[in-house]
Amino acid sequence: MPNGPLSLPARLYLLAWDTDTGEVTAAARLHHLVRAGALTELAQRGLLVDEDGIATPADMDSLTGDAVLDGLLELVRESRPHRWQTWVTLHARVTLDAVREQLTAEGCLRAEKKRVLGVFPSVAHVLARADVVDALRAGARQVLEGPVPVAEVSDRDAAVVALAAAAELPTLVPGKDRKRLHARVAELTERSGAAAPALRRVVTEVHTAVTASVTAVAAATGG
């Protein structure tokens with residue numbers, strides 16, 4: 001794994017890549033999914049806590065050492081209070097951009113210069129480490145399909161799979177499998193917040209916001 005274990009938002013972003021086509025999937029809602037992963041990890045670490053439904057920094061000084069997570073912490077600290085579901089969407093592309101930069105620096109992605117309409121300079125990110133994505137997906141599918149009991153799955157692994165399923169990532173949960181796996185996903189969602197009742201409420205709110213994002217994108221695109 002490049003530079004050690006990947007954060008939840010980085011894992012979710014990589015899981016969206018289809019290594020057969022070299023394309024990223026669920027692009028219209030990916031920024032919401034990645035932000036949801038960052039919020040969940042900060043909550044699991046105890047750096048964001050729930051106060052009457054408001055995402056609240058536990059203190060004004062703690063950092064994770066991860067640029068993506070610390071960037072979101074700083075944003076929450078500097079902003080007026082918001083509910084968890086609001087933070088799933090508010091300025092979510094900032095977190096997505098930070099994840100792309102981080103994964104590019106670590107060699108998982110490669111930035112390629114191009115020109116839009118042959119005139120305007122732009123940068124496209126392409127997958128450079130398909131092996132990392134394939135390994136992540138294989139692990140996620142084991143969590144999703146079993147045979148390991150949900151109680152033995154780590155809260156981090158449970159959160160990745162539950163959020164990916166909520167976002168209907170086709171690379172992990174094809175449409176034909178969603179109904180069959182519904183009960184397992186519900187158990188994994190519960191497991192994501194198993195450490196404390198307050199964390200369970202947070203995970204449920206974030207999960208609900210991701211599901212709402214999927215519905216909103218589908219309505220907007222007619223999908």
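1. In this predicted model, Thr40, Ala159, Ala162, Leu163, Thr189, Ser192, Val203 and His207 line the largest cavity. Its volume is about 40 Å³, and a search of the whole structure finds one cavity of 30 Å³ or more.

2. The lining of the largest cavity draws at least two residues from each of α7 (155–166), α8 (178–192) and α9 (197–221). Helix α7 provides the largest share, with three residues. By class, four of the lining residues are nonpolar and four are polar, while none is charged.

3. Helix α2 covers residues 30–44, and Thr40 is one of the residues lining the largest cavity. Of the 15 residues of α2, 15 are buried, and the helix is accordingly described as mostly covered. The length of α2 agrees with expectation, because 15 residues at 1.5 Å a residue should span 21 Å and the end C-alpha atoms are 21 Å apart. Just after α2, Gly46 adopts a positive phi of about 80°.

4. The partners are Tyr13 and Trp17, in an edge-to-face arrangement with 6.3 Å centre to centre and 75° between the planes. The pair counts as edge-to-face because planes over 60 degrees apart are assigned to that class.

5. Are the two partners of this pair buried or exposed? Tyr13 is buried, since its relative accessible area is 2% and the cut-off for burial is under 20%. Trp17 also counts as buried, at 3% relative accessibility.

Notes:
Residues numbered from 1 in each chain as written. Predicted model: local features only at pLDDT ≥ 70, side-chain atom pairs only at ≥ 80, totals over all residues. Heavy atoms only, no water. 1 Å grid on protein atoms, 1.4 Å probe; cavity = no way out; pocket = protein on both sides within 12 Å on 5 of 7 lines; lining within 4 Å. Points joined across faces, edges and corners; volume = space filled by probe spheres on them. Helix = DSSP H or I, 4+ residues; strand = E, 2+ residues; numbered from the N terminus. Nonpolar A, V, L, I, M, F, W, Y, C, P; charged D, E, K, R; others polar. Expected span 1.5 Å × (residues − 1). Buried < 20%, exposed > 50% of the residue type's maximum accessible area, 1.4 Å probe, protein only. Phe/Tyr/Trp six-rings, centres within 6.5 Å; stacked < 30°, edge-to-face > 60°.
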